[in-house]
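Please look through the structure shown here together with its sequence, and then work through the questions and answers that follow.

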Amino acid sequence: MTGPNDSHALRDVRSAALAPLPTRAHRSHVAYSCTNCGHWQRWFPTAPPPACPVCSDVRNELPEGGFGFRTAAEVDALVTTSWREAVPGVQEFWCDPVVGLGSHGWVLDTADGLLAFEAAPWYSADALAELRRRGGLRVLASSHVHGFGGLWQLQDELDPPVVSVGVEDLVWTKSFRVTWPADEQLELAPGITMHRTGGHFPGHHVLHDADRGLLFCGDSLKIDLAEDGSARALSAHKAFHAQIPLSRAELRHMREVIGALEFETVFSPFEFAAVTTAHVRALIDHMLAAPPSAAPVPMDVLSTPRTVFA
């Protein structure tokens, strides 16, 4: 849980000008993007990294022909960054063509300024200018490594005072500096709170916007969309590519955390749709009542009550 003074302390950090930090050692290293998954690493300027830790992890697939990497200049020349208002108060950023996993970045209007959750793989000069025009970022956060995208670039360019990910996932943050590691809960702006779900990754967090009824679910949920953009099915998994299901204990913890939050729209790192708290509770109850599976469950099935077996 967030400590009794955490919300006030975090607000003080957001509103105060931080003292300049010493030059960060990693600024002298080169940022490389994996051509398979898009994960960014800081490495030596003389040669690219020998491997990608995200692709080497059980949750991702290895590249077919060996590891390859692009520099920031090569990615900038390859892609166009676009943005739009996804719903009132939330901007969506993405890249064409798709880079790596193709994550999207979400930027929320808050009472304390702009809050970015997840990140697009790259932010062009125009996209960065748009964020500067709107006052820059006060908070930068992510659910887990699959949503990091160009988060390192946003920190380098915009230097938000608060950069937060789950403390248990710090092992993945070599390309940027975390200023506020999150425990079980952390309020990032008034009414907007990170909650640790674990499961997919030990430090995996979701972001809940209580006032607007929005849940930024990271990879705690996967939304399959119909042609009209509505949710066709939901699933949850430990590893999507490998189709490894969550354990019973992980599902129960996820239900306890997400099931207590009220929301009507869910944003993953890739898309958003009208998905409610009741839908997610029904998904987890369905999964607990069946043999372990990471398969999608149709939305119409989720409207049928199921008996839960622990």
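## Helix packing and other local features

Q: In this predicted model, is the crossing of H4 and H5 left-handed or right-handed?
A: A crossing counts as right-handed if the near helix is turned clockwise from the far one by less than a right angle, and as left-handed if the turn is anticlockwise. By that rule, the crossing of H4 and H5 is right-handed.

Q: At what angle do helix H4 and helix H5 pack, and how are they therefore placed relative to each other?
A: Helix H4 covers residues 125-133 and helix H5 covers residues 151-158, and their axes lie 11 Å apart at an angle of about 55 degrees.

Q: How many disulfides are counted?
A: A disulfide needs a pair of cysteine sulfur atoms within 2.5 Å. For Cys 37 the nearest cysteine sulfur belongs to Cys 52 and is 3.6 Å away, and Cys 37 is in no disulfide. Cys 55 is likewise in no disulfide, with the sulfur of Cys 37 as its nearest, 3.6 Å away. By this rule the count of disulfides is zero.

Q: Is Cys 55 buried or exposed?
A: Buried means a relative accessible area under 20%. Because its relative accessibility is 1%, Cys 55 counts as buried.

Q: What is the phi of Asp 159, and where is Asp 159 found?
A: Asp 159 has a relative accessible area of 48% and is therefore partly exposed. Its phi is near 50 degrees, which is a positive value in a residue other than glycine. Asp 159 is found in the loop between H5 and strand E9 (162-164).

Q: Where is Gln 243 placed, and what is its phi?
A: Gln 243 lies in the loop between strand E15 (231-235) and helix H6 (248-258). At 37% relative accessibility, Gln 243 counts as partly exposed. Phi of Gln 243, a residue other than glycine, has a positive value near 55 degrees.

Q: Which residues does Leu 251 touch, not counting residues up to four places away in sequence?
A: Leu 251 is found in helix H6, and at 1% relative accessibility Leu 251 counts as buried. With residues up to four places away in sequence left out, Leu 251 touches Leu 246, Ile 284, Met 287 and Leu 288.

Q: How many helices and strands does the chain have?
A: Buried residues make up 54% of the 310 residues in the chain. By secondary structure, the chain has seven helices and 18 strands.

Technical notes. Residues are numbered from 1 along each chain as its sequence is written. This is a predicted model: local features need pLDDT of at least 70, side-chain atom pairs count only at pLDDT 80 or more; totals for chains, interfaces and linings use all residues. Side-chain values use heavy atoms; hydrogens and water are left out. Buried means under 20% relative accessible area, exposed over 50%, partly exposed in between (1.4 Å probe, protein chains only). Axes are lines fitted to C-alpha atoms, for helices over the stretch in contact, and angles run from 0 to 180 degrees between N-to-C directions. Helices (H or I, at least four residues) and strands (E, at least two) are DSSP runs, numbered from the N terminus. Contact means heavy atoms within 4.5 Å.
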